[in-house]
There are 2 protein chains.
Amino acid sequence: MKKILLSVLLLIINSLLYSQHPVCVMNKNEADAVNTGIVKYPLLTESYHEIRSSVDEWLNKDIDVPFPKDPAGGYTHDKHKSNYILMYNSGLMYQLTGDVKYAKLVKDLLIKYAALNPGLKNHPQATSAYPGHLFWQALNDANWLVYTGLAFDCIHNYLTPAERKTIEDGAFKPEVDFFTHDLKSWFNLIHNHAVWACAGVGIVGIATDNKDYVDMALKGTEKDGKSGFMAQLNGLFSPDGYYNEGPYYTRYAILPFYVFANALNNTNPAMHIFQYRDRILQKALNGALQQTNLNGAFYSYNDALKEKTFVSNEVVEALDIAAKVYGVDNGLLLVAKQQARVTLNAGGLIVAEALSKDKTTDLYYPYKSIEFTDGAKGDEGGVSILRAGKNDHLSSLIYKYTSQGMAHGHFDKLNINLYDNGNEILQDYGAVRYINIEQKWGGRYLPETKAFAQQTIVHNTITVDETSHFNGSEQEGDKYHPDKLFGSIGDNPVQVVSVKDDKAYSDVSMYRTIYMLQLPDNAKPLIVDLFKVKSATNHQYDLPFNYLGTLMSVNTKYKSYTTNQTTLGTKNGYQYLWKEAEAKAAYPLSQFTFLNNSSFYSVSSLTDDSTRLFLTRTGANDPNFNLRHDPVYILRKKGDNKTFVNVIEMHGNFNSVTEMSTGSYSSVQQIDLAESTDYTEINITINHKKLQIVQCNNNNEISAKHSYRTNDKTIEFTGPYTVVYDNTMMK
Amino acid sequence: MKKILLSVLLLIINSLLYSQHPVCVMNKNEADAVNTGIVKYPLLTESYHEIRSSVDEWLNKDIDVPFPKDPAGGYTHDKHKSNYILMYNSGLMYQLTGDVKYAKLVKDLLIKYAALNPGLKNHPQATSAYPGHLFWQALNDANWLVYTGLAFDCIHNYLTPAERKTIEDGAFKPEVDFFTHDLKSWFNLIHNHAVWACAGVGIVGIATDNKDYVDMALKGTEKDGKSGFMAQLNGLFSPDGYYNEGPYYTRYAILPFYVFANALNNTNPAMHIFQYRDRILQKALNGALQQTNLNGAFYSYNDALKEKTFVSNEVVEALDIAAKVYGVDNGLLLVAKQQARVTLNAGGLIVAEALSKDKTTDLYYPYKSIEFTDGAKGDEGGVSILRAGKNDHLSSLIYKYTSQGMAHGHFDKLNINLYDNGNEILQDYGAVRYINIEQKWGGRYLPETKAFAQQTIVHNTITVDETSHFNGSEQEGDKYHPDKLFGSIGDNPVQVVSVKDDKAYSDVSMYRTIYMLQLPDNAKPLIVDLFKVKSATNHQYDLPFNYLGTLMSVNTKYKSYTTNQTTLGTKNGYQYLWKEAEAKAAYPLSQFTFLNNSSFYSVSSLTDDSTRLFLTRTGANDPNFNLRHDPVYILRKKGDNKTFVNVIEMHGNFNSVTEMSTGSYSSVQQIDLAESTDYTEINITINHKKLQIVQCNNNNEISAKHSYRTNDKTIEFTGPYTVVYDNTMMK
């Protein structure tokens, strides 16, 4: 009875609120506050004038609403895109200035769409399973729906009921019907496309007082809550805010998440949407910002484009709303400063005000060592970011052991990436795509994304028998995830993460433990990488280092293919690698040094006399010149059980202005694997001192006490590992 | 008699001045002024404290003066280098503070060198014809001599006569004798090495009151004026200040030129050294600064390293002295602001003071279209820089028709390079060198510099029969130079430079006319490149475009070498190019578009059905991984007389933040060569309008009147060319 009453009450509140417009971007009171702020806070002033003048140049013009024809980057694509941005901005201008010329611009365009949309069929350039009407893919139609919904809400009160009906029936309904009937399975996905689609339908629902739309948006077409926005909030994030498709996609999905949540919150504050799942939307944003390079570029794992930074429009919109609902902190302010613009709403007002009073001089986001679980319950692996160093000397090692991450995920179990001094050192290639450039297959993901960039060999993890993880099957990959064994990260001299994967290959188990050690004798942290593979049968194990930089030296005599080059292999990404040189590895220590900008990097590897080295470069099998030509250094071992021990150093300095180079050589003299059964014992001679790591392989308990006998003494330690440098136990 | 009297008088003045110390960097009065400025002008304060603390950390330490052993980048090399900088800085500190601890540091080091130097033979790593003692090459010993001479002068008055003698005889004399006896031919060269050597000997001469040294420095070892500093001032610069080795080397030579001139001027103002040759040193500095990219990087033609900018120490030293003797202007101030440091002398004081009062907001040097002649008399070709656009949208086309430029010159007659928006678009590869990195052949110029980077095929000019200009012989190249036929550059819609070369090949004459046109319908200037080759016999003509960017499209179906790659050729640089694809050119128009950062570039070429295209990439035959992997697009024609007509467009915009791309296609629809005998007539359809260029091939008189009959009308024009766009005569 109580429940029914509550529902009735909510219904009444809802309908009351529904009848108030505008409400999506901001309500009347907020608009008044923004207007006051425009004359007070420079960044708001600037953003306001920028947007206003971008709208003003279209006033009193007959704006084209062309029949859809072109792929991304082409005229009709870009026109529909600039039209929805224009309508949104003009709607804001009307809401802020009250000048009907802005409302008229939106209305005229919407009326044209109301005439166009009902007759649209699948776009002629549509090739995907989820075709669009106005654009080549439905996702772009969803973008259109979000922005035009917001625009409609802004001018709602200017429109006559008849005009509203014309637009609702002509412009919106065909799109909503298309999404919720024709593309129902797509709309009901737990995936970034569907986030945009639900946000679009939901915003249009709020803007047009259509409860049916809002309900479908929140709970899926069947309104059973198995899909829709709430299910997306539940399913796409881990409890600590990791977004299943990775930070590059958080960037993209964060706008519909925040903008629709903001509209819901304005309409129905009792939902407490921003508090939902222990503030999952706040965690999502902060988590994505922690996963950026010093220049704001999101880490490039999964299908990422490296040029995308946190100054993207999506992040501006989300950040400003976050500032309103969660408050501003130094991290958000730093990002907002770099964005150098705000949205014209209550959040933008708060950010602009805070920036006008800001006295901080930080140049970088407050990065820290941080770890995220993956999966809705947080039990599907995760990603650890081990950091050391300050400001522009920050070193960040990303150890990725997440689940697959759906179609944009890569076959990269136990992969590591390294950023240092703001540069990518050990890279993930990202995606192969020239977004919105018509000449490059209409700006779509190019075929090389799947065939090359997603394959295991272009990741810094092991490929077995020249076959990618899960045999390159997303469907298989989606079923499994690695398991973290133990770890400890934070602001201390020994950081470690140990992970196991025994699903990527049917008969090979992989164990990788990454140590980031701050030795007293080295300016930069040292990375020790113990990568053990176990199998009952013999295999070929390839461990690549997708490095960026200029090769300085290899301590091995190699055969170089100087006049004729062939590919490293024929399938699973190998066909995209030119084989530039190969060698029998040096025994027992192979060393490889490269220069990236002003810093040197060395990989010192324990190699036996059956290990082979390859120096390769991406760019083979690329008739359309879609690929970059980046180097890849590969260690190859053959056998059943093998342990790769690699020490990665960041060292020295090259200054091209003073023409001085210092510390250009590795400090590692020796690597020895003394034991590899129940315990692993590694002895590294570095700086002519001994660095010893002992790790227990069958007990991950942090309280377990161990007594391990080395060749000259017994070491007592607690928990699964100990690190001793120069006779001092670091942990 | 008058002459003798004058000489005697000068001698007296000289000896008077010689007995005053310090005098090289600044005299006592100037030092007092600098001391006053240190507490007033922020940049001077900052530079002072930076230098002082860099010296302070070495006080009371036993500083190593090791026996020379290592190549560049190695310990002994870097130690001797940091020692001379330290002595110079500590000398300055003594001069400014009067604190004897600074003088003592210099003295102690010089006494160590006085013990070391007499016993030195050729450096163990010396491989060049001009070996050093302290360093692998004599040039570095000359650097040492310049800085230690300045340091000695600073502490001259602190030293006892006996200490002075110890240092003069032990530290300096062995080096001076080595230069002026053992390496006499090198010392007497007209070349940047010898500039350093003469400056070093001259500064030591002034510092130690040794007239013999000063005379040798000014007039060569034979004191006949055929070599030495004055001959270098005469011989290395053209009358308008173009430095024979190009701007990258101006950067390097400008320090000894200015620093020695400053010491001479302080000692003997009557020499009016800074007014010499109509202020040749001012022209040299300003000329080099005009030859930089927006980031301050010197144009990379000849053996240049692209990371070298005008913030280099050498330019700081020269600029500050220039500010003192010639006055400060906005250009110098802009550069000084980016240098963000000043030298601790009267010039640095003036610059720091000017900057403290500076209200300008310019972000870039005042670049303009500018032309330099080459050769001491200005009659050995030259270089034209055609510019358009403002600030970060500047477009600069460098048309190079200089003489060879000695050993660091490239075989690049009639080469063009293009910079746009601060990016290199059509590049000169520069040199192959990792300066001061020991692993890379001791930081020397790598063999690929001569074998690859200097060869014609990696320049944007024609290679005949796969053989470089002058058959790759510097000696031959040094004898000749191209001749400018006509030209007009400046701030107008038609800029043009036409040049002929008939010496690079014995039986081929090359005529290249470059037009930079500002059409009313295009935001960016259009470049029309008419390149005619004439020969009595058949040849193969290759015209490459060494572009930087990502290939967007080629309008020709090509064969791509996807799984097996071979080199384009076997010699003269061709062996360093991987052949990625080749094609029979489209007839009659071949179009090629690439993306560089946020801008598109297209090359539209008139091609007949015998023309072939090659898509190649540098990096073959590179066993030591010394080369970058940059793309080269090549047009190949065969025959006797051939005309290459290329239209180079800078167009459109790609914005990765808003994900919008505009204008990504070429606007050229057609190119037609209507006439190519006494007149050349080109008709280009662009923006669906007609652009017509008519050029007279046998009369370069600017006043000559022409009446030329096209297929539909007669055009009357004056001077060797006319440009008509859309029925309007632009010139």
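Predicted model: local features only at pLDDT ≥ 70, side-chain atom pairs only at ≥ 80, totals over all residues.
**Entry 1: chain A overall**

I began with the secondary structure of chain A and found 18 helices and 29 strands. Next came the dimensions: along the principal axes, the C-alpha atoms of chain A fill a box of roughly 90 × 60 × 55 Å. I then looked up the radius of gyration, which is 28 Å for chain A; a compact globule of 731 residues would have one near 27 Å, so the two agree. Burial was my next stop, and 64% of the 731 residues of chain A count as buried. I also checked how far along the sequence the contacts reach. Taking contacts in chain A between residues at least 6 apart in sequence, 66% join residues at least 24 apart.

**Entry 2: α6 and α9 in chain B**

I moved to chain B and picked a helix pair. Helix α6 covers residues 138-155 and helix α9 covers residues 192-207; the two pack at an angle of about 25°, with their axes 8 Å apart. Angles under 35 degrees count as roughly parallel, so α6(B) is roughly parallel to α9(B). The crossing of α6(B) past α9(B) is left-handed.

I wanted the residues behind this contact. From α6(B) they are B:L139, B:A142, B:N143, B:L145, B:V146, B:Y147, B:G149, B:L150, B:F152 and B:D153. From α9(B) I noted B:H193, B:W196, B:A197, B:A199, B:G200, B:V201, B:I203, B:V204 and B:A207. Sorted by class, the contact of α6(B) with α9(B) has 14 nonpolar, 4 polar and 1 charged residues.

Is B:N140 buried or exposed? Its relative accessibility is 11%, so B:N140 counts as buried. Setting aside neighbours within four places in sequence, I found B:N140 in contact with B:H77, B:Y84 and B:F135. I also took a distance to B:W196, which is 56 residues away along the chain: the C-alpha atoms of B:N140 and B:W196 are separated by 8.9 Å.

**Entry 3: B:E175, in α7**

My next residue was B:E175, which sits in helix α7 (residues 161-182) of chain B. With 1% relative accessibility, B:E175 counts as buried. Which residues is B:E175 in contact with, leaving aside its neighbours within four places in sequence? I listed B:N117, B:H133, B:L134, B:D141, B:W144 and B:L145. One of these, B:L145, I had already written down for the contact of α6(B) with α9(B). For a distance, I took B:A129: B:E175 and B:A129 are 46 residues apart in sequence and 17 Å apart in space, C-alpha to C-alpha.

**Entry 4: α3 and α16 in chain B**

Back to helix pairs. I looked up helix α3 (residues 42-56) and helix α16 (residues 346-357) of chain B, which pack at an angle of about 135° with their axes 7 Å apart. At that angle α3(B) and α16(B) are oblique to each other. On the α3(B) side I found B:P42, B:L43 and B:L44; they meet B:G348, B:L349, B:A352, B:L355 and B:S356 in α16(B). The residues of this contact divide into 6 nonpolar, 2 polar and no charged.

I finished with the backbone. Most residues other than glycine have a negative phi, and most peptide bonds are trans, so I kept an eye out for exceptions.

Two cis peptide bonds went into the notebook. One joins B:H21 and B:P22, with omega about -10°. I placed B:P22 in the loop between α1 (2-18) and α2 (28-38) of chain B. Another joins B:Y587 and B:P588, with omega about 0°. B:P588 belongs to the loop between β15 (577-584) and β16 (589-596) of chain B.

Then I turned to phi. B:K223 is not a glycine, yet its phi is positive, about 55°. I found B:K223 in the loop between α10 (211-219) and α11 (229-235) of chain B, and at 36% relative accessibility B:K223 counts as partly exposed. B:N597, also not a glycine, has a positive phi of about 50°. B:N597 is in the loop between β16 and β17 (599-606) of chain B. Its relative accessibility is 53%, so B:N597 counts as exposed.

Conventions: Residues numbered from 1 in each chain as written. Chains lettered and ligands numbered in written order. Heavy atoms only, no water. Axes fitted to C-alpha atoms, helices over the stretch in contact; angles between N-to-C directions. Helix = DSSP H or I, 4+ residues; strand = E, 2+ residues; numbered from the N terminus. Parallel < 35°, antiparallel > 145°, perpendicular 65-115°, else oblique. Left-handed = near helix turned anticlockwise from the far one by under 90°. Contact = heavy atoms within 4.5 Å. Nonpolar A, V, L, I, M, F, W, Y, C, P; charged D, E, K, R; others polar. Rg over C-alpha atoms; globule rule 2.2 N^0.38 Å. Buried < 20%, exposed > 50% of the residue type's maximum accessible area, 1.4 Å probe, protein only.
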